[in-house]
Amino acid sequence: MPHHIDHPLISAELTRLRDPDCPNQEFRQRVRRIASLMVSAVTADLERTVVPCRTPLEQTSGEEITRPIILVPILRAGLGFLDGFLDLIPQAAVAHIGLARNEKTLEPEAYYLKHPTPLGESELILLDPMLATGGSAVHAVTTMLAAGAKRIRFACLLAAPEGIATLQAAHPKVPIYTAAIDRCLNEKGYILPGLGDAGDRLFGTI
Ligand code: PRP
Ligand code: URA
């Protein structure tokens, strides 16, 4: 089962975001706020290491996150999710993967990939607001595994049941975190009720 991050602040932001009259600037701000509100749930089970820690009064022990974190926005729309994550995980490195869904076949077409190396010791968080057919998410996870990643989680804003099933079938060990699970896809592969084309709404390309 995906982790459905059900929180009143996220739900209220999401409701405003779905509105077709929500302007691009407001849309970007709301996506960024939702991303930040999701960070704590998405990272809750990251492994920690006990380290020595000094206070002004005495020596004690504290904790560090064991592995480096790499945020991986799926271009373009994943960029809308990135700053909200970076606000709370500023030390993260950022890898980029460029995928565009072919409007006829609905298959993802890859056009860019840049990531730090090696990936094997890091925790990767794939970011994309929309999990629709699941084709882009499966392609992104497969690509990062082939590049050497061993620990991957996937965070999105809206997930369709079809996309969840496809991603889980292809990569059952990748946990999915989503702010909402919508009803279904329409005949053009858009999420219903959804919010339309996330990339276009983020970047004003409608
Ligand atoms: C959108 C979205 C996902 C993908 C989801 O991107 O941001 O990456 O579609 O659809 P899927 O689950 O059916 O693969 P799009 O390909 O439209 O590119 P964009 O981000 O540049 O708008
Ligand atoms: N991509 C989007 O941006 N929106 C959808 O509803 C489906 C895929």
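This report describes how several strands pair in a predicted model.

## Basis of the description

The model is predicted, and local features need pLDDT of at least 70, side-chain atom pairs count only at pLDDT 80 or more, and totals for chains, interfaces and linings use all residues. Residues are numbered from 1 along each chain as its sequence is written, and side-chain values use heavy atoms, with hydrogens and water left out.

## Strand 8 and its neighbours

Strands here are DSSP runs of E with at least two residues, numbered from the N terminus, and two of them pair if DSSP finds at least two bridges between them. Strand 8 (residues 123-127) is joined to strand 4 by five bridges in the parallel sense, with Leu-71 having Ile-125 as its bridge partner. Strand 8 also pairs with strand 10 (residues 151-159), again parallel and over five bridges, and there Leu-127 stands opposite Ala-155.

Five of the five residues of strand 8 are buried, where buried means under 20% relative accessible area with a 1.4 Å probe, protein chains only. In a regular strand the side chains alternate between the two faces of the sheet. Glu-123, Ile-125 and Leu-127 point one way from strand 8, whereas Leu-124 and Leu-126 point the other way.

## Strand 6 between strands 4 and 7

Strand 4 (residues 69-75) runs parallel to strand 6 (residues 96-101), and two bridges join them. Strand 6 is joined to strand 7 (residues 108-114) by six bridges in the antiparallel sense. Ile-97 takes part in both pairings, standing opposite Ile-74 and having Leu-113 of strand 7 as a bridge partner.

Strands 6 and 7 form a hairpin with six residues between them, and in this turn Leu-106 has a positive phi of about 65 degrees.

Note on methods. Chains are lettered from A and ligands numbered from 1 in the order in which they are written. Helices (H or I, at least four residues) and strands (E, at least two) are DSSP runs, numbered from the N terminus. Buried means under 20% relative accessible area, exposed over 50%, partly exposed in between (1.4 Å probe, protein chains only).
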